[in-house]
Amino acid sequence: MIRSLHCGQDLKTVTGGIGLALCERLLSHDAQVQLCLACRNGQRAEAARQALLVSHPQAHISLVQLDVGSMHSVFKAAQEVRQRYNRLDYLYLNAGIMPNPQVDHKAFYKGLFSGKAVHMFSTGEGLLTQKDEVTSDGLQQVFATNLFGHFILVRELEPLLCRPGNSSLIIWTSSSNARRSAFSLDDLQHKQGNESYSSSKYASDLLSLAFNRHYNSKGLYSSVICPGLVMTNLTYGILPSFFWTLIMPIMWLIRIFTNTFTLTPYNGAEALFWLFKQKPEALDPMAKYHSLTSGLGNNYTQPCKMDIDDIMAETLYEKLLDLEDAIRKKL
Ligand SMILES: NC(=O)C1=CN([C@@H]2O[C@H](COP(=O)(O)OP(=O)(O)OC[C@H]3O[C@@H](n4cnc5c(N)ncnc54)[C@H](OP(=O)(O)O)[C@@H]3O)[C@@H](O)[C@H]2O)C=CC1
Ligand SMILES: CC(C)CCC[C@@H](C)[C@H]1CC[C@H]2C3=C(CC[C@]12C)[C@@]1(C)CCC(=O)[C@@H](C)[C@@H]1CC3
């Protein structure tokens with residue numbers, strides 16, 4: 001029996017996000033898989049569960065209330081999971097936000113006519129900024145949601161993930177927007193800049209490496225994926241919906257030039273699903289696994305070496321442990 005916990009799985013109002021598409025794919029692949037959806041909104045979580053039960057009536061799907069940006073909620077949810085289960089095989093760390101995104105239109109038109117247009121469309125590099133906020137824990141919201149809440153969750157679920165004779169895998173939904181230059185070890189939470197999304201995703205790449213160094217000996221492995229550009233609530237939040245609808249034909253056209261425009265949540269979930277079928281021990285800790293879709297619509301997963309190193313990863317890990325101590329004292 002395989003138990004898998006998914007963070008950020010709500011049924012979305014318009015599209016259904018990557019997490020929900022992954023659940024559909026996992027259940028179609030193995031009807032016996034036990035899913036536990038960790039979501040912040042109870043009603044939407046129940047709607048997601050019901051939607052999955054329509055196509056998989058026998059499925060084992062449970063829910064746990066989790067706001068990964070609130071540390072109190074993370075500790076509470078982890079306790080709940082520990083009470084319910086004695087083992088976890090997969091932990092998908094998929095919840096993510098990009099609040100108040102702004103597109104730099106000038107950079108977009110400049111990029112279009114530079115030799116780097118394909119790179120710009122694959123990574124969104126230099127095109128997006130965000131306005132971050134501070135949570136009630138006193139943390140930067142993007143850092144807390146995209147990174148730190150997940151870090152605490154993994155630490156709290158250690159007894160279920162590290163079991164003698166069993167290997168388990170945690171999987172971070174990162175991004176090709178993760179960029180070393182957006183991240184600083186002196187400003188982990190990205191208080192100073194306006195690329196908190198890029199910074200948090202780069203930090204998750206580093207943290208995955210650090211988790212591998214610290215936990216592989218206990219049977220816990222960590223991997224990172226990029227789903228490509230997928231039309232979900234996250235992307236619909238970047239530009240007005242009508243604009244996306246208008247440019248949709250252009251988006252499908254761009255797909256001929258870049259296989260990173262996966263566009264549908266089903267396609268975007270490809271690498272998440274692919275990892276589910278791999279032996280954790282065989283995965284490369286330095287690789288980011290990309291969901292890719294060819295011009296003809298074929299999905300595949302490709303590893304790409306990450307721009308990360310052990311020293312940076314270890315420093316980040318130590319700093320997160322310090323912050324964990326401080327938060328534990330406060331709560
Ligand atoms: N779409 C894209 O092109 C890309 C997406 N990604 C990453 O993929 C992941 C999934 O995003 P995607 O499906 O696109 O976007 P969605 O906005 O559809 O999904 C994000 C999910 O995260 C959940 N979430 C957000 N904040 C919290 C929180 N504080 N606690 C618990 N759950 C939370 C949301 O729940 P709720 O319904 O309550 O809002 C939602 O279910 C994210 O990590 C994103 O950064 C990476 C690269 C590209
Ligand atoms: C396609 C058009 C005619 C105009 C769209 C321009 C931009 C708004 C997009 C071009 C590349 C996109 C992109 C992302 C967001 C929207 C764009 C900047 C992401 C940054 C979204 C989140 C991610 O994690 C990345 C993988 C995306 C990379 C590409």
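Of the 19 residues around ligand 2 in this predicted model, those that come nearest are Phe121, Leu128, Ser175, Ser176 and Tyr197, where a residue is near if one of its heavy atoms lies within 4 Å.

| Polar side-chain atom of | Distance to an oxygen atom of ligand 2 |
|---|---|
| Ser175 | 2.5 Å |
| Tyr197 | 2.9 Å |

Ligand 2 taken alone exposes 620 Å², and the protein buries 94% of that (Shrake-Rupley areas, 1.4 Å probe). Helix 5 (117-123) and helix 10 (241-254) are the elements that give two or more residues to the shell; helices are DSSP runs of H or I with at least four residues. Helix 5 supplies the largest share, 4 residues. By class, the shell has 13 nonpolar, 6 polar and no charged residues, with Gly counted as polar and Tyr as nonpolar.

Elsewhere, the axes of helix 3 (residues 71-84) and helix 6 (residues 141-156) come within 9 Å and cross at roughly 35 degrees, the axes being lines fitted to C-alpha atoms over the stretch in contact, with angles from 0 to 180 degrees between N-to-C directions. The crossing is right-handed, the near helix being turned clockwise from the far one by less than a right angle. Met71, Val74, Phe75, Ala78 and Arg82 of helix 3 meet residues of helix 6 including Phe148, Ile152 and Glu156 (heavy atoms within 4.5 Å).

Residues are numbered from 1 along each chain, and chains are lettered from A and ligands numbered from 1 in the order written. Local features need pLDDT of at least 70 and side-chain atom pairs 80 or more, while totals for chains, interfaces and linings use all residues; side-chain values use heavy atoms, without hydrogens and water.

How values were computed
A polar contact is a pair of N or O atoms within 3.5 Å; within protein, one must be able to donate a hydrogen and the other to accept it, and residues adjacent in sequence count only if both atoms are side-chain atoms.
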